[in-house]
Amino acid sequence: MSNNITDNGNGSGNGTENIVSLNGMYKDYFLDYASYVILERAVPGINDGLKPVQRRILHAMKEMDDGRFHKVANVIGQTMQYHPHGDAAIGDALVNMGQKDLLIDCQGNWGDVRTGDSAAASRYIEARLTKFALEVAFNKQTTDWQLSYDGRKNEPVSLPMKFPLLLAHGAEGIAVGLSTRILPHNFIELIKASIKLLEGKKVKIYPDFLTGGSIDVSDYNGGKRGGRVKVRAKIEKIDKSTLAVTELPYGTTTTSLIDSIIKANDKGKIKIKRVSDNTAKDVEVLIDLPPGESPDVAIDALYAFTNCEVSISPNACVIIDDKPHFLTVEEILKTSTENTKELLRQELLIKQAELEEKWHMASLEKIFIENRIYREIEECESFEEVIETIDRELRKYVRTPSDEKQAKDQRLPLKREITEEDIIKLTEIKIKRISKYNSFKADELIAKLEEELKQVQHDLDHLIDFAVAYFNRLLEKYGKGKERRTQITTFEQIERAEVVANNAKLYVNLKEGFIGYGLKKDDFVADCSDIDDIIIFREDGKFLVTKIAEKVFVGKNIIHVDVWKKGDDRTTYNMMYVDAKSGRTMAKRFHVKAITRDREYDLTKGAKGSRALYFSANPNGEAEVVNIQLSQGSSARIKIFDFDFGELAIKGRASQGNIVTKYPVKKVTLLEVGKSTLGALKVWMDEVSGKLNTEERGKYLGEYDTGDHLLTIYKNGSYEVAEMDMNRRFEAKDLMYIGKFKPDVTISAVYYDGNKKWTLVKRFNIETSTINQNFPFITDHRSSRLLFVSVRPDTLIEYIDKNSSGEQKSEELKLDEFIDVKGWKALGNKLSEHKITKIKEIKEENQVETEEEKSSPPQKDTLSAGDTIEFDLNPKDKDKGQGKLFE
């Protein structure tokens, strides 16, 4: 390709040559285009927080504003006078602004951001500016103007926005070479933060979304590049086989959410039976689980493998002085707040000038009429002489800033010079007005103007207080219904390997040394997932960890194979091996917490020919007792003896172990399985997430050893004895009690019976033996409510009894003296024929402490002594009476 074009000017190629160089042209064109897209299309301005198309839409709507709705098609047409990029871009931007429910009142089908449904055609929907938009976004006197693209109209350079709209709306845009993504923030929090900035305080603000959900802002970084937030849907358990998504993550629709769930199910990451979208006024995506699937694990799996959790990377880029800048949201808010304060100052100055002008003309008019200056112009022969006469006569009564002050000067001082225009206005006063002139009313008007001028000057002198009052007015006037919808919390890291559905089966060929999910003719080991790691121990005393595959060779003579979890400090391996070099039999106990995948590790001393004699894997650190039989030809006096692995300390996998015997061993057999040597596991429940943990987060539940169970008592009047499953998730708001189950525990309960309309007391022991099943112990009437529950053997309560006449009386009751222990299905004894409105437990000085109270530091329990529970027991309202806990 040639770098030059040769032409003689007439297209013939002959004659004088005109050479136009192309060197650098592409570079200039690219920069010009990139700058145009950045400034005119994709990135919002810092002053009003709007992109050009949004600014032009709002300006066109203000020009059209008459208080009534306008067809969106008409709004688009009006906007095209200012925006040169077609009706589709304008329509999309208008719908996007309308869906944010702040600046535009919408009428008709504007679509739904929750479902992804698009708006109806522009000819069917209508719009107008909100009262909020009219108050904060427009003022012709403080607006800078420029010509539109065709030079026919004036359009604003930026709107005089007296509110941090950019942070309330958020913004997304992709330009050439850069992009911007500013997340929306809460209306009320932005106003309160602006007030704090005006008061000189530091602020932190975090995103809030119309779709609700929850957000982890640990890495938000002020919305700047490099930051990240995690957003989750709100998932509720309807029952043991049904989940409901009731709030969506930002940027996700019900359609995309369902697609991601189906995709994860098809890949085997999660297991679901059916998913259906029942969204109407509120979001409701129902997920039916197959039989046997844990809803708690399913919730974690949904967060791990679907759009129920999304990660968003903000990138706050804005235009300042025609250049892109990367700022934090706090810096954007500070700039917006200062801009609002400056606009308020300008408005006050404009108002001051207008009041001064009114005062000036009112004063001149008063002097002109009261002193009958109009009579002095009767003999004037020209208009110029009239002007001169009036000017001369006025100066007898007023003093302008240019006049020298005379001794004992009684003239009225004016704030500016008298102009010819002022005098012309005086000549235009009609005789009828002069004849009916009321001097008293004129003095009142001037006094009122002077009072208003004093107030304006006071506001200018105290501009910060004036700006704070302005923001408070906005908050009071428009803040209702704009409370935070997205809950700020901290998300637990979900290990994908722990929650992934078992979509594969692990098989092993022990003799030939193969493992994998494709060996269906060989021995079955366990259900697993396609992302699991597998640990293999061999008879030669070596082990390795490898990724599961269809078929993998891991070495012959396998003695143990299982799914391996990284960081597992509970599973303990007990091993006995013979050292080929010394002939001694060694025993060791160890964990495998971390490894390099596909690398072999030697558990013996390393001598060739060493081999394992005994091996066991214990998920909770159990230590067994084995019987050792020595060979008959050995010189040992005692040839049969027992060995207890519990006497060995758990050490690293590289330790050589302890000597068991120096004689040859013929056989090792298991005698009995012992208890865990790691000690009982201390467990807490996070009252926010409802998950069990060992990191001391939330409510302490006690110490749990092998075979221990949980006791949970629910507000619906049922109890459950459950296995200790660390993957279990509870809804703290549904619990009255959760703790360690003891077979001899006595439950004391106070409840309202909807059938008899009585308040009853019952005490009972757990007589059922079924695990992981709810058993209701109060009547099933819809108005029946569990009011109080305790597992203390000596519970003292104070309650307020309200009789039919409405009188209240406070009484104390010791539950173990009031009623004996009866069957769990018994109704109990009547406490009152009236409604019990308040119950609280009184802790006595010598009261027996529970195990949890003895071994846990002081903390807030789900229900503890000194707390009060208040109930509304109206049987007509079946949704009330769930109980409110307060101090």
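**Charges and cover**

Guide: R584 sits in the loop between β29 (572-578) and β30 (585-590). Keep in mind that this is a predicted model.

Visitor: Why is R584 called partly exposed?
Guide: The relative accessibility of R584 is 35%. Buried means under 20%, exposed means over 50%, and partly exposed lies in between. So R584 counts as partly exposed.

Visitor: What makes up the positive surface patch that includes R584?
Guide: K581, R584, K605 and K662 form that patch. Lys and Arg count as positive. A patch residue needs over 30% relative accessible area and no salt bridge. R584, at 35%, is over that area cut-off.

Visitor: Why is R123 called exposed?
Guide: R123 has 52% relative accessibility. The cut-off for exposed is over 50%. Therefore R123 counts as exposed. R123 lies in the loop between β4 (104-107) and β5 (126-129).

Visitor: Which residues does R123 touch, leaving out those up to four places away in sequence?
Guide: R123 touches K71 and A73. R123 and H70 are 53 residues apart in sequence, and their C-alpha atoms are 9.9 Å apart in space.

Visitor: How do you know that R128 and D105 meet in a salt bridge?
Guide: Their side chains have an N to O distance of 3.5 Å. The cut-off is within 4 Å, so the pair counts. R128 is in strand β5 and D105 in strand β4, 23 residues apart, and the pair links distant parts of the chain.

Visitor: Why can such side chains pair at all?
Guide: Side chains of opposite charge can pair when their charged atoms come close.

Visitor: What makes R392 and E393 a salt bridge?
Guide: The closest N and O atoms of R392 and E393 are 3.8 Å apart. That is within 4 Å, so the label holds.

Visitor: Are R392 and E393 buried or partly exposed?
Guide: R392, at 47%, counts as partly exposed. E393, at 8%, is under the 20% cut-off, so E393 is buried.

Visitor: What does the salt bridge between K565 and D532 tie together?
Guide: The closest N and O atoms of K565 and D532 are 3.6 Å apart. K565 lies in the loop between β28 (558-564) and β29, and D532 in the loop between β24 (523-528) and β25 (533-538), so the pair ties together parts 33 residues apart in sequence.

Visitor: Why is D532 called buried?
Guide: D532 has 3% relative accessibility. Buried means under 20%, so D532 counts as buried.

Technical notes: Residues are numbered from 1 along each chain as its sequence is written. This is a predicted model: local features need pLDDT of at least 70, side-chain atom pairs count only at pLDDT 80 or more; totals for chains, interfaces and linings use all residues. Side-chain values use heavy atoms; hydrogens and water are left out. Patches are made of residues with over 30% relative accessible area and no salt bridge: like charges are joined within 9 Å, nonpolar side chains (Val, Leu, Ile, Met, Phe, Trp, Tyr) within 5 Å. Accessible areas come from the Shrake-Rupley method with a 1.4 Å probe; for residues, only the protein chains shown count as cover. The place of a charge is taken as NZ of Lys, CZ of Arg, CG of Asp or CD of Glu. Helices (H or I, at least four residues) and strands (E, at least two) are DSSP runs, numbered from the N terminus. Buried means under 20% relative accessible area, exposed over 50%, partly exposed in between (1.4 Å probe, protein chains only). Contact means heavy atoms within 4.5 Å.
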